[in-house]
Amino acid sequence: ALVREIKPRVVVETGTATGSLTSFILAAIQRNASGQLISIDLPPQEGKLTMDLTLATEEIGYYIPEQYRDPWKYIKADAKLELVNVLSNNPVDLFMHDSLHTRSHMLFEYAVARNLMPENSIIVSDDIFWNNAFMDFVLTNRLHGYASFSNPNIGAFVNTFDDLERNAGL
């Protein structure tokens with residue numbers, strides 16, 4: 001619904017795996033008749049980094065129907081190494097964290113997205129109940145976070161800046 005409403009030019013997600021969430025994003029992009037999704041992920045390995053399945057590179061996104069794949073670009077990489085590059089070189093309106101759900105990694109991705117995305121862009125995170133990273137980030141940065149009643153484990157905030165940040169060119 002969010003992708004349908006804001007009609008982003010570019011969406012970036014981390015953590016694709018089977019592509020279930022990716023499919024919903026791509027379906028909305030197709031209904032909008034515009035937009036692109038860039039996904040950054042390493043193939044998961046069962047028992048490593050909280051993953052419960054193993055996928056080969058060619059299996060990433062296997063849930064994505066063929067008719068939704070045109071506006072999708074998959075980058076096989078670690079988000080710690082590639083996220084800065086992708087956000088720096090694309091007009092990203094919406095970022096979706098769904099990769100490694102450790103506190104340090106979540107805080108890293110939120111901080112990179114917040115600093116490299118424009119004001120009023122939207123940052124979304126899955127699995128916000130795994131730890132306090134989402135709430136702590138929202139509070140520390142004096143942002144307004146939101147979670148759906150139907151799935152409160154997904155949180156979002158609008159990337160807003162204070163006057164000092166605006167004057168510094170963020």
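**Helix α2 and its surroundings**

Helix α2, residues 20–32, has 13 residues and reaches 19 Å from its first C-alpha to its last, close to the 18 Å expected at 1.5 Å a residue. That expected span is 1.5 Å times one less than the number of residues. A word on the source: this is a predicted model, in which local features need pLDDT of at least 70 and side-chain atom pairs count only at pLDDT 80 or more, while totals for chains, interfaces and linings use all residues. Residues are numbered from 1 along each chain as its sequence is written, and side-chain values use heavy atoms, with hydrogens and water left out. Helices (H or I, at least four residues) and strands (E, at least two) are DSSP runs, numbered from the N terminus.

Which residues of α2 are buried? They are Thr22, Ser23, Ile25, Leu26, Ala27, Ala28, Ile29 and Asn32. Buried here means under 20% relative accessible area, exposed means over 50%, and partly exposed is in between, with a 1.4 Å probe and protein chains only. As background, an α-helix has 3.6 residues a turn, so residues three or four places apart point the same way.

What do the buried residues of α2 pack against? Their partners are α1 (2–6), β1 (10–14), β2 (36–41) and β3 (72–76). Contact means heavy atoms within 4.5 Å.

**Positive phi**

After α2 comes Ala33, whose phi is positive, near 65 degrees. In general, most residues other than glycine have a negative phi. Ala17 also has a positive value, near 50 degrees. Ala17 sits in the loop between β1 and α2 and is buried, with a relative accessible area of 15%. Asn120 has a positive phi too, near 75 degrees. Asn120 is in the loop between α4 (103–116) and β5 (122–125), and is exposed at 55% relative accessible area.

**The second largest pocket**

The closest to its centre, of the 17 residues that line it, are Ala1, Leu2, Val3, Leu21 and Val124. For the method: on a 1 Å grid over the protein atoms alone, a pocket is an open set of points where a 1.4 Å probe fits, with protein on both sides within 12 Å along at least five of seven lines, and lining residues have an atom within 4 Å of a point.

At least two residues each come from α1, α2, β4 (92–97), β6 (145–147) and β7. By class, the lining has 15 nonpolar, two polar and no charged residues. Nonpolar covers Ala, Val, Leu, Ile, Met, Phe, Trp, Tyr, Cys and Pro; charged covers Asp, Glu, Lys and Arg; the others, Gly among them, are polar.

**Aromatic pairs**

The structure holds six aromatic pairs. One of them, Tyr62 with Tyr63, is edge-to-face, at 4.7 Å centre to centre and 65 degrees between the planes. Tyr62 is partly exposed at 43%, and Tyr63 is partly exposed at 47%. Another pair, Phe134 and Phe157, is tilted, at 6.0 Å centre to centre and 45 degrees between the planes. Phe134 lies in helix α5 (residues 133–140) and Phe157 in strand β7 (residues 155–158), so the pair ties together parts that are 23 residues apart in sequence. Both Phe134 and Phe157 are buried. Ring pairs also link Tyr110, Phe134, Phe137 and Phe157 into a cluster. Rings of Phe, Tyr and Trp (its six-membered ring) pair if their centres lie within 6.5 Å; planes under 30 degrees apart count as stacked, over 60 as edge-to-face and the rest as tilted.

**Two single residues**

Ala156 is in strand β7 and is buried, at 18%. Leaving out residues up to four places away in sequence, Ala156 touches Ile123, Val124, Phe134, His144, Gly145 and Tyr146.

His105 is in helix α4 and is buried, at 6%. With the same exclusion of residues up to four places away, His105 touches Ala79, Lys80, His97, Ser99 and Leu100.
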